[in-house]
Amino acid sequence: MNSVLLASNRGPVSFTVSDDGELTMRRGGGGLVSGLSGVAKDDGVLWICAALSDGDRSAVRLAAGGRIDQAGYDTGPLRMLDIAPAVFHRAYNAVANSTLWFVNHLLYDIPNTPNFGTRFEREWESYRDYNGAFALALAEEAGHGARVMVQDYHLTLTPAMLRAERPDLRIAHFSHTPWAPPEYFSLLPDEVAREVLEGILGADHAGFLTDRWAQAFMDCCERLLGAEADRVGRSVTHEGRTTRIGVQSLGVDGSALWERACEPDVESHMTALREQVGDRRLIVRIDRTELSKNIVRGLIAYREFLAAHPEWHGRVVHLAFAYPSRHDLPEYREYTASVQRRAQEIEDEYATDDWDPLILNVNDDYPRSLAAYRMADVLLVNPIRDGMNLVAKEGPVLSERCALVLSREAGAAAELGQHALLVNPYDISGTAAALHDALVMPEDERRMRRDKLHAAATALPPQKWFAAQLDALT
């Protein structure tokens, strides 16, 4: 039986099936996986995740009890759950990504959405079943008194479900997203909002990336549940149980990131990019085409910058890496298309025979992203709303002269804002001006700011963050 367990929707690895039926394993995607994979493996933590693809499901069926590590794969302790595809689709796409994500990132087009009817009732039942599958697996695998770390908005109901099955366990839930204020969170049907809040309050400890998101959660518990929120001691008491509230701002393992960024595949990408852009200054952004990342406004701001500063024509290139995300959802497919349209408009208006003002890449390539970080003169991170944003932390670690243009609505602004150029993500002209200020920033100021950003970004690397979560359950 296991003494420490970690549960998340996405796991540390994923599998693909070739035409001849052979399984290939690769590193899982996403910031959470990047932050926790090495720590969990090194510490022998049992990771429980969902099988996300046909390849994952094939791997699960070849592994007794879904234990991938016991089927000959070097993953660290890992169990994948083969949840019925229809249930997974409704839980993941319809509820987690189209409802809870939209609520906490304030993304709804309010005059038209959301609409909660009988279809949503079925989708919510699947979300319950999905969370129940995780709670059951954790209950089966956990030793007496074990510590269990449940991650993110996909699994908000799991803590309370697990508490009902195994009251001996010490349970934490951590939210890697923002948390909506009560007036927006209450867009959810009353019973659904209650279930989400009470689900997390089934944990002994509820963690958030910033104090702002923790306070919003406590506000929701107080307003919508009538719970008692202690903002000084950081706790919520509801129906006789008290859940402690913690704030741990996940950072970057600077040494490991730099070591990876110096490998030959990254050096090769740096050479190729330098051949493309020459000695021009580089404005870099690296994002998924996620609605909250605000890529379209970033491109419009760059276009406005070019219009206002013709002296930079031919002297600057915007490397925009926008990797497709959640293409099962129509809103995301359209957003990716909008990104591509805006990029083409910039090319059509400003490109010359010997200058491409914008290089847009939509194919996910981690080594190429690391190469871009290392070459960046300016890093643009302008989300509408973000729980943290590790890109904002990774860039100053890898670039020795990077100026950071950062949205004040990113969780990272709480730590990095003093040494970044903060912008209102809706203010396109303000963002364009910040891009210019970042480019003309004096070299000594640029390096001073970068050094401060580096120190803040690496203050709580994954190992220490993970330890803080476990300590909260001691």
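Is Glu394 buried or exposed? Keep that question in mind for a moment. First, a caution: this is a predicted model.

Now the answer. Glu394 has a relative accessibility of 15%. Buried means under 20%, so Glu394 counts as buried. Where does Glu394 lie? Its place is helix α14, residues 391-398. And what does Glu394 touch? Set aside the neighbours within four places in sequence, and the contacts are Val252, Leu257 and Tyr373.

Take Tyr373 and follow it. Tyr373 is one of the buried residues of α13. That helix covers residues 366-375, and nine of its 10 residues are buried. Among them are Pro367, Leu370, Ala371 and Met375. Two arginines, Arg368 and Arg374, are on the buried list too. Look at the start of this helix. Asp365 caps the N-terminal end of α13. One of the side-chain oxygens of Asp365 lies 3.1 Å from the backbone nitrogen of Arg368.

Next, helix α11. Which residues of α11 are buried? They are Ile295, Val296, Gly298, Leu299, Ala301, Tyr302, Phe305 and Leu306. What covers them? The cover includes strands β12 (281-288), β13 (316-323), β14 (358-361) and β15 (378-381). Helices α12 (330-350) and α16 (428-440) are also part of that cover.

Now step back to the whole protein. It is divided into two parts: domain 1 is 2-250 + 463-473, and domain 2 is 254-458. The contact takes 24 residues from domain 1 and 20 residues from domain 2. Taken over C-alpha atoms, the domain centres are separated by 30 Å.

How do we put a size on an interface? Often, by the accessible area lost when the parts come together. Between domain 1 and domain 2, about 1,700 Å² is buried. Carbon and sulfur atoms give 57% of that area.

What about polar links? Between the domains there are six residue pairs in polar contact, both residues at pLDDT 80 or more. The count of salt bridges there is one. Separately, look at Arg212 and Glu409: their side chains meet in a salt bridge, at 2.9 Å, N to O. On the side of domain 1 that touches domain 2, the elements giving two or more residues are α3 (85-104) and α8 (211-225). Which gives the largest share? That is α3, with six residues.

Methods
Residues numbered from 1 in each chain as written. Predicted model: local features only at pLDDT ≥ 70, side-chain atom pairs only at ≥ 80, totals over all residues. Heavy atoms only, no water. Buried < 20%, exposed > 50% of the residue type's maximum accessible area, 1.4 Å probe, protein only. Helix = DSSP H or I, 4+ residues; strand = E, 2+ residues; numbered from the N terminus. Contact = heavy atoms within 4.5 Å. Domains from an automatic or database assignment. Buried area = accessible area lost by both parts, 1.4 Å probe. Salt bridge = Lys/Arg side-chain N within 4 Å of Asp/Glu carboxyl O. Polar contact = N/O pair within 3.5 Å; in protein donor to acceptor, adjacent residues only side chain to side chain.
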